[in-house]
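Welcome, and please open your viewer. We will go from one selection to the next, with a short note on what to look for at each stop.

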Amino acid sequence: MAQPLSASGGRKPLLEAQGITKVFGTGAGEITVLKGVDVNLLPGELTLLMGPSGSGKTTLLSILGCILSATAGSLSIASEEAVGLDAEGLADLRRRNIGFVFQQYNLFPTMTAHENVLIALDVRGKPLPDPRASARTSLEEVGLSHRIDTYPSKLSGGEKQRVAIARSLAGAPAVILADEPTAALDSENGRAVMELLAKVSKDPTRAVLAVTHDHRTLKYADRIIKIEDGIISSDERPDKNAASPTH
């Protein structure tokens, strides 16, 4: 049994989007993919974004991640306004405040796990006293301290996704966005990745949003947002204390 979304309990959202509209094309070819979407992400939570193909979830994720600009609406990330920024400004906001986890990992094959995380720190441009130690800490956080010098070709699919998560955590961005993080994994590795995302989402300085079709991920969610035809159709918190149905 899911409960309606409750108040934030005084927590300030790390990401706030209001009235997000996205229109592609012009004239007779114009398509409105998002139709005034409101989303906020609270610290210490794992939120799932679910919807059928063509519902607008990937477009919404791209806008929240400052990859695409909204046609209309407002977007604030870590108290910084994204609307009105040019491509360079969006890229800077994205580098400093957002970590990405992709379905296909996107690791550099000629770099070790440690080097893949280090390059993410370099891209962020965040001054750190010891970047190599920070990269090691990120890998330790995802349980891969023993694979630090291993190349992607020698890692399992689950381990590659763990490196990708470590890379997203590098530099402590406020928001982690995951795009179908379990889609390329078997059930065991998918479960391990979701357990990890649920764990890292408990950081009170971090919010995690995952786009998924995988209903096996539902039990890990603090919140489930469903989108259909460019509109949020439901926004609920699962009741994790509810008893499982008996048969």
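The tour starts with a sheet and then moves on to the helices.

Before you click, note that residues are numbered from 1 along each chain as its sequence is written. This is a predicted model, in which local features need pLDDT of at least 70 and side-chain atom pairs count only at pLDDT 80 or more, while totals for chains, interfaces and linings use all residues, and side-chain values use heavy atoms, leaving out hydrogens and water.

**Stop 1: the sheet.** Helices (H or I, at least four residues) and strands (E, at least two) are DSSP runs, numbered from the N terminus. Select the 4 strands of an open, antiparallel sheet, ordered β3-β2-β5-β6. Strands pair if DSSP finds at least two bridges between them. At the edges you will find β3 (31-41) and β6 (80-81), each pairing on one side only.

Now pick β2 and β3, which are antiparallel and joined by 8 bridges. Leu15 sits opposite Leu41 in β3. In the hairpin of these strands, with 6 residues between them, look for Gly25, which has a positive phi near 80°. Next, go to β5 (residues 72-77): 2 bridges connect β5 with β6, and the two run antiparallel. Here Ile77 faces Glu80 of β6.

Stop 2: Angles run from 0 to 180 degrees between N-to-C directions, and axes are lines fitted to C-alpha atoms, for helices over the stretch in contact.

**Stop 3: α3 and α5.** Select α3 (residues 113-124) and α5 (residues 157-169), whose axes come within 8 Å and cross at roughly 25°. The two are therefore roughly parallel to each other (angles under 35 degrees count as such). To see their contact (heavy atoms within 4.5 Å), show Ala113, Asn116, Val117, Ala120 and Arg124 of α3 with Val163, Ala166, Arg167 and Ser168 of α5. These residues divide into 5 nonpolar, 2 polar and 2 charged.

**Stop 4: α5 and α6.** Which residues of α5 meet α6? They are Gly158, Gln161, Arg162, Ile165 and Leu169, and on α6 they meet Asn189, Ala192, Val193, Leu196, Leu197 and Val200. The contact has 7 nonpolar, 3 polar and 1 charged residues.

Technical notes: Parallel < 35°, antiparallel > 145°, perpendicular 65-115°, else oblique. Nonpolar A, V, L, I, M, F, W, Y, C, P; charged D, E, K, R; others polar.
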